[in-house]
Amino acid sequence: MASVGTGKRCRAVVGRTLVVLGGGGALGAFQAGALLALAEDGVLPDALYGCSAGGLNAAFLAAGPSLDRAVELVHWWGELSTTGVLLPSRWSRARGLIMAATGRSDGVLDPRPLRALVARHIPAHDVSELAVPLSITTTCLDCADARHHHRGRIADVLVASCALPGLFPPVRLADGHLHVDGGIVCGVPVQAALDDAGPDDRILVLDCGLAPVTGTPGVCAARGGMSLDEPVARGCGLEATEPRPYVAPVESSRGVIDVVLKAFTVARAVANTASVRSALDDPRVSVLPHVADAWAAGLLRELPSGPRDLSRTDQLAAGGRRATEVWLAEGAGVGA
């Protein structure tokens, strides 16, 4: 039995801590803030499971889970090199559209800057070489199913996990199949963690989607726990005191890329809500507050305009950190 926590609290923890990080584009900054709050409280992962943006966060932290690494992750989300990859320039998108239209590319966006970003910040060649076990989720185009990768070239697997169809070209992995963004069928890989978990392990889930799929009706702001007629609710461990319902932002601009992203957001919400529903009933699983809960609790004053809005990374990281601090202080799902 090990104990974790700060000098203010010390909790007995039996078994391992497995952390599941869902995808969500720019909302990865909110997730990074939550991971920092966990690290500050002494809660560090023994294994990580990530998809898309959550896969990037998972790989970054798996290289050496520590408070210092968690601080670096928050800073990483604010760097120009990061935002330039996640929000390409108009010139890059226009060039990509021309190449896709002429058959010279299977995607609108060039994956090479993302590969370079991975190489700069994640010191490993293979997924299996990191300090703690890591699983990265992709969708196999040939099998129409989720795949959870515990090994494989890390740049290939991460780029595949982030490869939104039509935006990034699919990636052929070592199994010989083409793979794309895991969020199509399994954006929050809770079941993958449950499959690896022992009876005494705990699973912490950070769903950073604009339309969260891990909410529970009546106790989560994104699933009917907040309305104008019901100004006080419980939002995944937070007291939602402000009478403002959460409405997930969507892409508001025009163009092919934006239509693809809108369609993906809708498809992800439908497919993933069904895939995680039964897993959330397992007593080992605890869902941390997400953007909807922080919004309803007044811990996040502004919402991003969509999954590519990187203008609020600082506010998102601060909101994720504060929401998780409150969740920890109230002892939600952490053990006693």
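# Close-up views of the predicted model

**View A. Ser52 is a buried residue with a relative accessible area of 12%.** The model shown is predicted; local features require pLDDT of at least 70 and side-chain atom pairs count only at pLDDT 80 or more, whereas totals for chains, interfaces and linings use all residues. Residues are numbered from 1 along each chain as its sequence is written, and side-chain values use heavy atoms, with hydrogens and water left out. Buried denotes under 20% relative accessible area, exposed over 50%, and partly exposed the range in between (1.4 Å probe, protein chains only). Ser52 occupies the loop between strand 4 (47-51) and helix 2; helices (H or I, at least four residues) and strands (E, at least two) are DSSP runs numbered from the N terminus. Although Ser52 is not a glycine, its phi is positive, at about 55°.

**View B. Ala144 lies in the loop between strand 5 (134-140) and strand 6 (145-149).** Ala144 is exposed, with a relative accessible area of 63%, whereas Ser52 is buried.

**View C. Helix 1 (residues 28-40) packs against helix 2 (residues 53-62).** Two packed helices are described by the angle between their axes and by the distance between those axes. For helix 1 and helix 2 the angle is about 35° and the axes are 9 Å apart. Axes are lines fitted to C-alpha atoms, for helices over the stretch in contact, and angles run from 0 to 180 degrees between N-to-C directions. The crossing of the two helices is right-handed, that is, the near helix is turned clockwise from the far one by less than a right angle. Helix 1 contributes Gly28, Gln31, Ala32 and Leu35, which meet Ala53, Gly54, Asn57 and Leu61 of helix 2; contact means heavy atoms within 4.5 Å. By class, this contact comprises 4 nonpolar, 4 polar and no charged residues. Nonpolar covers Ala, Val, Leu, Ile, Met, Phe, Trp, Tyr, Cys and Pro, charged covers Asp, Glu, Lys and Arg, and the others, Gly among them, are polar.

**View D. Ala34 is a buried residue of helix 1.** Its relative accessibility is 2%. Leaving aside neighbours within four places in sequence, Ala34 is in contact with Leu206, Gly320, Arg321 and Thr324. Ala34 and Arg322 are 288 residues apart in sequence, yet their C-alpha atoms are 7.6 Å apart in space. For the chain as a whole, 72% of the contacts between residues at least 6 apart in sequence join residues at least 24 apart.

**View E. The second largest cavity has a volume of about 50 Å³.** The search of the whole structure finds 4 cavities of 30 Å³ or more. A cavity is a set of points, on a 1 Å grid over the protein atoms alone, where a 1.4 Å probe fits but cannot get out, and lining residues have an atom within 4 Å of a point. Grid points are joined across faces, edges and corners, and a volume is the space filled by probe spheres set on the points. Leu56, Phe60, Trp76, Leu117, Val118, His121 and Ile122 line the second largest cavity. Helix 2 and helix 6 (112-121) are the elements that give two or more residues to this lining, and helix 6 supplies the largest share, 3 residues. By class, the lining has 6 nonpolar, 1 polar and no charged residues.

**View F. Helix 7 (residues 154-161) is largely enclosed by the rest of the structure, because 8 of its 8 residues are buried.** These residues are Ile154, Ala155, Asp156, Val157, Leu158, Val159, Ala160 and Ser161. In the loop between helix 7 and strand 7 (171-172) is Leu167, which is buried at a relative accessible area of 5%. Leu167 and Leu109 are 58 residues apart in sequence, and their C-alpha atoms are 5.4 Å apart.

**View G. Ala146 is located in strand 6.** At 15% relative accessibility, Ala146 counts as buried. Neighbours within four places in sequence aside, Ala146 is in contact with Thr137, Thr138, Val185 and Cys186. A separation of 9.7 Å is found between the C-alpha atoms of Ala146 and Val180, which are 34 residues apart along the chain.

**View H. Arg172 belongs to strand 7.** Not counting residues up to four places away in sequence, Arg172 touches His177 and Leu178. The C-alpha atoms of Arg172 and Leu141, 31 residues apart along the chain, are separated by 9.8 Å.

How values were computed
1 Å grid on protein atoms, 1.4 Å probe; cavity = no way out; pocket = protein on both sides within 12 Å on 5 of 7 lines; lining within 4 Å.
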